[in-house]
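Visitor: I have the sequence and the model open. Show me how to read some of the features, please.

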Amino acid sequence: MLKIGIIGCGTIGTSICQAIDNGTIEAELFAIYDRNQEDVDKLLATLENSRPEFMETATMIKEIDLLVECASQKAVYEVIPAALHAHCDAMIMSVGAFADEKFHKMIRGLAKDNNCKVYLPSGAIVGLDGLRSASSEEIYSVTLTTQKPPRGLAGAPYIIRNNIDLDKINGKTILFEGPASEAVKAFPANVNVAATLSIAGIGFEKTKVKIVANPALTRNIHEITVEGAFGEFTTRVENVPSPSNPKSSYLASLSAIATLKKITDPFQVGT
Ligand SMILES: NC(=O)C1=CN([C@@H]2O[C@H](COP(=O)(O)OP(=O)(O)OC[C@H]3O[C@@H](n4cnc5c(N)ncnc54)[C@H](OP(=O)(O)O)[C@@H]3O)[C@@H](O)[C@H]2O)C=CC1
Ligand SMILES: O=C([O-])CC(=O)C(=O)O
């Protein structure tokens, strides 16, 4: 049975652990780690069947088959290179870390050299299957428009740097327009989806991102438009925010679970 270790015991980490615990994902939950002990204790209290050990990632990667990162972009830098060196596969949620071209290249090289796989779930967006199929031919443009209720953008470096008072936004307001490379740095906990889209499509510089604060919303909306030799498609998802973290959509947790199910299932469906 696949032995899994998790870094990040917050919203997504807890959903994944519960899915392993209740048998939705057929795997062994071997170890967990988080810098926040309170989150670890809360997570452990929700499990009925699994007893994962609390373990530093440097130790757990010697024991597990797959390391799941659901912590932060910084954590990706801290743990993924060592995991790949230890011949451990990786699933990454904080995909924005790959906007750093040198790091991206290094991780691809390490994965290849160590015969490892790196999985990037679709997360909170829909349409990556179509984009991947269309990418076999020329893609002319990829655009992501993300709308969130203002509180779903709180704490982003862009908001802090520009002294934006989210409580004073009383109508739909465009906060950011630019390439995905800048968007994922300006909003590292809000648009990792822009990074996944960039990697599946035409890269971080050509993928265009618009971020909108909309106080009329209760959901996180991601709209994607792709134009290419195949024609054109638009997807739109209205995501229920996770109750424990309004920045993250519930679909992101479900996508992480679906990816782990796919990894452990010999029967593969879809592109
Ligand atoms: N790809 C996608 O579509 C999506 C990606 N995400 C990303 O996935 C990640 C997890 O999301 P979510 O579960 O909602 O986040 P949460 O904030 O709910 O949980 C993250 C947990 O990881 C901990 N953590 C952060 N950095 C480190 C580190 N360097 N070492 C150890 N622990 C760390 C946090 O601790 P502390 O509380 O101290 O910060 C927190 O306990 C985030 O980066 C988020 O932006 C989210 C949604 C969609
Ligand atoms: O969950 C979402 O809506 C998207 C998100 O936070 C991210 O991509 O980082």
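Visitor: Is Asn-115 buried or exposed?

Guide: This is a predicted model, so keep that in mind. Asn-115 has 9 other C-beta atoms within 10 Å, so Asn-115 is exposed. Its place is in the loop between H5 and strand E6 (118-119).

Visitor: What is the phi of Asn-115 near?

Guide: Start with the general idea. Most residues other than glycine have a negative phi. Here, phi of Asn-115 is near 55°, a positive value.

Visitor: Where is Asn-163 found?

Guide: Asn-163 sits in the loop between helix H7 (157-161) and strand E8 (173-179). Asn-163 is not a glycine, yet has a positive phi of about 50°. Asn-163 counts as exposed because it has 6 C-beta neighbours inside 10 Å.

Visitor: Now helix packing. What angle do H4 and H5 make?

Guide: Two packed helices are described by the angle between their axes and the distance between the axes. H4 and helix H5 (residues 101-113) pack at about 25°, with their axes 9 Å apart. H4 and H5 are therefore roughly parallel to each other. The crossing of H4 past H5 is left-handed.

Visitor: Which residues make the contact of H4 with H5?

Guide: H4 brings Tyr-77, Ile-80, Pro-81, Leu-84 and His-85. H5 brings Phe-103, Ile-107, Leu-110 and Ala-111. By class, the contact of H4 with H5 holds 8 nonpolar residues, 1 polar and no charged.

Visitor: What about H1 and H11: at what angle do they pack?

Guide: Helix H1 (residues 11-21) and helix H11 (residues 250-264) pack at about 40°, with axes 9 Å apart. That makes H1 oblique to H11. Their crossing is right-handed. On the H1 side, Thr-11, Ile-12, Ser-15, Ile-16 and Ala-19 take part. They meet Ala-252, Ser-253, Ala-256, Ile-257 and Leu-260 in H11. The contact of H1 with H11 has 7 nonpolar and 3 polar residues, with no charged ones.

Visitor: How many residues of H9 are buried?

Guide: Apply the burial count residue by residue. Helix H9 (residues 192-200) is mostly covered, with 8 of its 9 residues buried. Asn-192, Val-193, Ala-194 and Ala-195 are among them.

Visitor: What covers the buried residues of H9?

Guide: The cover includes helices H6 (128-134), H8 (180-186) and H10 (203-206). It also includes strands E7 (139-148), E9 (208-213) and E10 (220-228).

Visitor: H8 came up there. What does Glu-182 in H8 count as?

Guide: Glu-182 lies in helix H8. With 17 C-beta neighbours inside 10 Å, Glu-182 counts as partly exposed. The C-alpha atoms of Glu-182 and Ala-200 are separated by 17 Å, and the two residues are 18 apart along the chain.

Visitor: On to the ligands. How many residues surround ligand 1?

Guide: Read a shell by its members, its elements and its classes. Ligand 1 is surrounded by 29 residues, the closest being Gly-10, Ser-72, Gly-123, Ser-248 and Ala-252. H1, helix H4 (73-85), H9 and strand E13 (245-249) each give two or more residues to this shell. The shell around ligand 1 divides into 12 nonpolar, 12 polar and 5 charged residues.

Visitor: And which residues are closest to ligand 2?

Guide: Ala-124, Asn-192, Val-193, Asn-220 and Ser-249 are the closest of the 13 residues around ligand 2. H9 and E13 are the elements that give two or more. E13 supplies the largest share, 3 residues. By class, the shell around ligand 2 has 5 nonpolar, 7 polar and 1 charged.

Terms used: Residues are numbered from 1 along each chain as its sequence is written. Chains are lettered from A and ligands numbered from 1 in the order in which they are written. This is a predicted model: local features need pLDDT of at least 70, side-chain atom pairs count only at pLDDT 80 or more; totals for chains, interfaces and linings use all residues. Axes are lines fitted to C-alpha atoms, for helices over the stretch in contact, and angles run from 0 to 180 degrees between N-to-C directions. Helices (H or I, at least four residues) and strands (E, at least two) are DSSP runs, numbered from the N terminus. Angles under 35 degrees count as roughly parallel, over 145 as roughly antiparallel, 65 to 115 as roughly perpendicular and the rest as oblique. A crossing is left-handed if the near helix is turned anticlockwise from the far one by less than a right angle, and right-handed if clockwise. Two residues are in contact if their C-beta atoms, placed from the backbone, lie within 7 Å. Ala, Val, Leu, Ile, Met, Phe, Trp, Tyr, Cys and Pro count as nonpolar, Asp, Glu, Lys and Arg as charged, and the others, Gly among them, as polar. A residue is buried if 20 or more other C-beta atoms lie within 10 Å of its own, exposed if 12 or fewer, and partly exposed in between; C-beta atoms are placed from the backbone. A residue is near a molecule or strand if its C-beta atom, placed from the backbone, lies within 6 Å of it.
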